[in-house]
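Q: I'm new to this one and would like to go through it slowly. Could you show me the structure first?

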Amino acid sequence: MSCPPSDSDVATAPSGASLANLVRKATENERILRRYQQMELQLLSAEGLEDLLQRLLVGSRRAFSLDAVELRLFDPHGALAELLGEAALSQPGLQLLSSDSALKTLYQGSIGVRLVSGARALTGLGVFAGSRIGSAALLPMVRQGRLVGSLHFGAGETTRFTTDKSTDFIAHLASVAAICLENGVNREQLHRLSLMDTLTQVGNRRAFQRNLDTEIARALRQARPLSLLFVDLDHFKRINDRHGHHVGDQVLRAVARHIALMLRKTDHVCRFGGEEFALILPDCERDLALEVAERIRAEVAGLQVTDDDDRRVPVTLSIGVCCWASPGVSPPQQLARALLKAADHAVYAAKKAGRNRVCYQSLTEIAPDFMA
């Protein structure tokens with residue numbers, strides 16, 4: 001017998017019912033309870049926000065033999081959209097709402113599980129549009145008295161979710177889901193903060209190492225080129241000494257902002273340390289990397305940064321570029337060391353050549369085992 005996602009009818013057995021019928025009913029309720037408990041444990045053990053959404057949308061459908069699942073989340077400031085990647089946002093059944101009016105309409109002022117049967121009623125609520133769903137359970141996700149989302153379980157048959165069913169189990173699941181969502185968002189935000197440079201609002205050294213490891217693994221797996229750029233502000237100590245450290249901070253923020261705006265979504269910009277930034281450009285060959293570096297150098301050279309006396313602060317960059325484009329397989333750690341060494345040599349060469357320029361360093365000159 002399939003387990004409905006709404007609770008079984010636990011009303012008192014009719015008069016004259018046999019003991020066997022009571023035992024059967026109790027056994028069925030126990031089985032349903034265990035299934036709900038297993039699902040709740042799955043949600044509580046989710047390894048991050050994206051995994052949690054996967055378990056809500058896909059895991060619950062499988063666990064309760066549903067025909068469709070929807071999840072609508074209140075996201076007024078776009079925080080969830082920012083935390084989730086494009087892959088997660090394209091998950092079937094997921095919808096982020098900038099207003100909570102649509103959520104409130106679903107529950108008509110009473111925040112409790114709502115069981116709806118009949119295609120006409122479902123169409124009127126705007127749930128499971130275009131699907132052949134005969135009945136649905138609407139689970140409100142509430143935190144601190146506020147409706148933050150709505151989880152919808154849909155079944156093809158009209159008798160699956162009817163108002164004569166008990167909702168104790170399913171209501172508890174909704175509460176657990178809301179708590180897990182809140183905790184997942186908080187953990188993801190803390191994790192993001194741990195990888196961000198607070199001054200420039202780009203990645204920090206820890207983020208750089210993580211991103212470099214990830215992109216090297218991808219480049220090796222897909223045999224695609226990978227470029228690394230080291231960007232160093234010229235005469236930064238002089239800026240601090242002449243104009244003050246607060247102006248130096250202003251320069252760092254402006255440079256980081258302009259670099260980030262000029263890169264693709266798949267690229268990474270991190271503050272490597274002090275006045276130096278590191279840029280990781282996946283699927284980027286030598287010529288394109290040099291072109292990107294030159295555009296960044298020219299853009300920053302034209303920045304209009306002024307000090308407290310309205311004097312223009314000249315800002316220029318020395319940029320070192322290196323690229324891995326070998327179709328062969330290289331040990332990831334060895335490749336990482338070679339890229340870092342080559343980029344460091346290149347930026348040093350740019351400074352030695354007079355600053356405010358871009359220099360390229362071939363990996364073969366640093367590590368002969370690599371092809372540039």
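A: Before we start, a word on naming: helices (H or I, at least four residues) and strands (E, at least two) are DSSP runs, numbered from the N terminus. This is a predicted model, in which local features need pLDDT of at least 70 and side-chain atom pairs count only at pLDDT 80 or more, while totals for chains, interfaces and linings use all residues. Residues are numbered from 1 along each chain as its sequence is written, and side-chain values use heavy atoms, with hydrogens and water left out.

Q: Changing topic, what is the phi of S65?

A: Phi of S65 is near 50 degrees, which is a positive value in a residue other than glycine. S65 belongs to the loop between α2 and β1, and with 39% relative accessibility S65 is partly exposed. H235 also has phi near 50 degrees, again positive in a residue other than glycine, and H235 is found in the loop between β6 (226-233) and α9, where its relative accessible area of 35% makes it partly exposed.

Q: What does α9 pack against, and at what angle?

A: Helix α9 (residues 236-243) packs with helix α10 (residues 245-262) at an angle of about 135 degrees, and their axes are 6 Å apart; here the axes are lines fitted to C-alpha atoms, for helices over the stretch in contact, and angles run from 0 to 180 degrees between N-to-C directions.

Q: Why call that oblique?

A: The angle makes α9 oblique to α10, because angles under 35 degrees count as roughly parallel, over 145 as roughly antiparallel, 65 to 115 as roughly perpendicular, and the rest as oblique.

Q: Which residues of α9 and α10 meet?

A: From α9 there are F236, I239, N240 and H243, and they meet H245, H246, V247, G248, V251 and L252 in α10, where contact means heavy atoms within 4.5 Å. By class, this contact has five nonpolar, five polar and no charged residues.

Q: Which residues touch the most other members in the largest nonpolar core?

A: That core has 37 residues, and L71, M141 and F153 are the ones that touch the most other members. A nonpolar core is a set of buried Ala, Val, Leu, Ile, Met, Phe, Trp, Tyr and Cys residues joined through side-chain atoms within 4.5 Å.

Q: Which element gives the most to this core?

A: It is α7, with nine residues. The elements giving two or more residues to this core include α1 (19-44), β1 (68-74), β4 (135-143) and α7 (168-194).

Q: What is M141 in contact with?

A: Leaving aside neighbours within four places in sequence, M141 is in contact with residues including L71, L73, V148, A174, A177 and L181. Another core, of 32 residues, lies apart from the largest one, and among its residues are I239, I259, A293 and I296.

Q: What about L122, buried or exposed?

A: L122 is buried, with a relative accessible area of 3%, and it lies in helix α6 (residues 119-125). Not counting residues up to four places away in sequence, L122 touches V116, V127, I133, G134, S135 and A136, and the C-alpha atoms of L122 and I133, 11 residues apart along the chain, are separated by 8.1 Å.

Q: Last topic, how many disulfides are there?

A: The count comes to zero disulfides, where a disulfide is a pair of cysteine sulfur atoms within 2.5 Å. The sulfur of C270 is too far for a bond, because the closest cysteine sulfur, in C322, is 15 Å away. C323 is in no disulfide either, and its nearest cysteine sulfur, that of C284, is 6.7 Å away.

Q: Are C270 and C323 buried or exposed?

A: C270 is buried, with a relative accessible area of 1%, and C323 is buried too, with a value of 2%.

Technical notes: Buried < 20%, exposed > 50% of the residue type's maximum accessible area, 1.4 Å probe, protein only. Nonpolar A, V, L, I, M, F, W, Y, C, P; charged D, E, K, R; others polar.
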